[in-house]
Amino acid sequence: MASKESTAFAVNEQSSHACDAIIIGAGFSGLYQLHKLRDELGLDVVVLEKGDGIGGTWFWNRYPGARCDSESYYYCYSFNKEIEQEWSWSERYPEHPEIRKYLNFVADKLDLKRDIRLNTEVTSAAFDDDANLWTVQTKNGQFFSAPFLITAVGCLSTANVPDIKGLDSFKGQWYHTGLWPHEGVDFSGKRVGQIGTGSTGIQTAPVIAEQAKHLTVFQRTANYSIPARNGPVTADDIKHTRDNYDEIWRLARAGTNGHPFTISTRSALSVSDAEREEIYEKAWERGGLRFRASFSDVLQNVEANLTASDFLRDKIKTVVRNPVVAEMLTPRDHGFATKRPPIDSGYFETFNRDNVLLVDLKAEPIVEVTANGIRTTKQDYALDIIVFATGFDALTGPLVNLNISGSQGIKLKDAWAAGPRTYLGLQSPKFPNLFTITGPGSPSVLCNMPIAIEQHVDWITNCIRDMRANGQKRIEANTDSTEKWVAHVNEAADATLLPMASSSWYLGANVPGKPRVFMPYAGGLARYTSICDDVAQSGYRGFALS
Ligand code: N01
């Protein structure tokens, strides 16, 4: 373990804390990283967490209807058999309080909380080239220093509140779904306006519509959605899962998206129309993200994709009674799953309610927020509450906002001005000893997150272990290997239809001014894992170690 003397930073001794590794964020990734470094490598580790509780994305996203889109039995850790056998989920898609309860259960079981500093927001991080040391400053004036800095800040944690003229003048209340008040919001008797129809908007609209006097949904881009078919988990389900966990995790790691099911090997174009319809119908009835796996080429071939898109477009017509509204809700500008596909509990049905109105922002863009509501180019909508379900400055936002300065003072914000440049999504040149869990350039958001997180945390832990064993103090991604990796990330994306959705947050398109770069690695989790393993086994090819 590093001694205080060897790592102490020359700032106010009263408020400085020296350790072996600093982790930023106490969600799924921060908790597991703490456990690995502290309990397996025996390091002195501190986790700095902005919130006053643990849970990461599940700490902040408490909007009505917030649930997980992966199924509960695999939206959890796989590294600990006791946790696996002791924990029981109550629903197929657990609601946010249950996921927080799970993470607290894990943190208590592994005694993690003693090394987590809550209410500790990082305001900057700087690398000292001479000492090979990161120093992190917090909003409450504390300094932490360590040779290793690991970001565990999530990919979707920087709320994107659109800069709409007049918002300050609004007399009602407004909220962003990703920063939801912990005490909840009382919608009873209120006229609510919701902007945004991504996964979040699609989850929250049905619940708000039930509680509010009236809901107006302002839609910029119509979206596909598959029914979640949520329901209780039975005792038989729990037993079956517990008995089969080894196989479940094997399948999850062997696949493209970290889900424990296989993608069909058949092309959507290789079967008759009737057979294809039957396969889609079964997948629709089963519900959830598995719909994507119905055929091998839904995300590879435009014609194959069209079969899935058309099937889902037709479903909207069968659910929504008013044909004009059904057409407004029908996506025409992108293919199914080229943007992250939402799953829902009664989303399209919501538009059959008398107290719900759909506004098409393509036909009547928002002009401004007024004191009393939202004004579009066509009319004024009187509102008491505005809900921004407008997503996030994804992947890069949470990292750039940490105000990180690397070697020779270079700022991450400048290094990534034209888009993120990482080697394996794990490191960026000029930022030695900084590891980014599920960083841009890794499979991250294209996966069931806990599985992607575990793969990264295991790799980082092994890397630090190897460095210590070899007496190495510094690791830095080479520029050359990074450029090649960035090219490979683009190539992997271009082998799919994913870059075709021009409004996708995968491309940064949802944030005005953000460079249009496809950010996650679309080559699949299994392939990515084997590349990372190979790099490690080769003695960390592509990194400079000293
Ligand atoms: O955000 P989004 P999200 N004016 O960016 C619209 C994960 N997630 O929070 O498409 C008007 O997808 C925007 O319109 P457009 C999941 O990975 C997971 O819904 O850009 N509208 C879009 O309709 C998901 O993909 C879970 O044209 C504006 C919406 O707001 C990711 O989080 C649950 C606008 C934003 O959709 C993000 O989902 C929920 C503007 N100025 C989310 N700006 C679980 O697994 C944006 N929009 C539980």
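Two strands are taken to pair if DSSP finds at least two bridges between them. By that criterion, strand E10 (residues 191-195) and strand E11 (residues 214-219) pair in the parallel sense, over five bridges. The structure described here is a predicted model. The points below cover an open sheet of five strands, a contact between helices H15 and H17, two separate nonpolar cores, and the setting of His35 in helix H2.

- The open sheet has five strands in the order E9-E18-E10-E11-E14, and their pairing is parallel.
- Strand E9 (173-176) and strand E14 (356-360) stand at the edges with a single partner strand each, so one side of each has no neighbour in the sheet.
- Direction ignored, neighbouring strands of this sheet are turned against each other by 20 degrees on average.
- Within the pairing of E10 and E11, Gln194 stands opposite Val217 in E11.
- Helix H6 (residues 199-211) lies across E10, E11, E14 and strand E18 (385-388), and runs at about 170 degrees to E10.

**Contact of helices H15 and H17**

- The axes of helix H15 (residues 449-469) and helix H17 (residues 525-537) come within 11 Å and cross at roughly 5 degrees.
- Angles under 35 degrees count as roughly parallel, so H15 is roughly parallel to H17.
- On the H15 side, the contact is made by Ile451, Ala452, Gln455, His456 and Trp459.
- On the H17 side, Leu525, Tyr528, Thr529, Cys532, Asp533, Val535 and Ala536 take part.
- The residues of this contact divide into eight nonpolar, three polar and one charged.

**Nonpolar cores**

- In soluble globular proteins, nonpolar side chains tend to be buried together.
- The largest nonpolar core has 100 residues, and Tyr102, Phe291 and Trp459 are those with the most contacts inside it.
- H15 supplies the largest share of this core, ten residues.
- Not counting residues up to four places away in sequence, Trp459 touches Leu426, Phe435, Cys532, Asp533, Val535, Ala536, Tyr540 and Phe543.
- A second, separate core has 27 residues, among them Ala209, Tyr347, Leu358 and Val387.

**Setting of His35**

- His35 is found in helix H2 (residues 28-40).
- The relative accessibility of His35 is 11%; buried means under 20%, so His35 counts as buried.
- Leaving aside neighbours within four places in sequence, His35 is in contact with Glu40, Phe79, Leu110 and Leu112.
- His35 and Pro515 are 480 residues apart in sequence, and their C-alpha atoms are 36 Å apart in space.

Technical notes:
Residues numbered from 1 in each chain as written. Predicted model: local features only at pLDDT ≥ 70, side-chain atom pairs only at ≥ 80, totals over all residues. Heavy atoms only, no water. Axes fitted to C-alpha atoms, helices over the stretch in contact; angles between N-to-C directions. Helix = DSSP H or I, 4+ residues; strand = E, 2+ residues; numbered from the N terminus. Parallel < 35°, antiparallel > 145°, perpendicular 65-115°, else oblique. Contact = heavy atoms within 4.5 Å. Nonpolar A, V, L, I, M, F, W, Y, C, P; charged D, E, K, R; others polar. Core = buried A, V, L, I, M, F, W, Y, C linked by side-chain atoms within 4.5 Å. Buried < 20%, exposed > 50% of the residue type's maximum accessible area, 1.4 Å probe, protein only.
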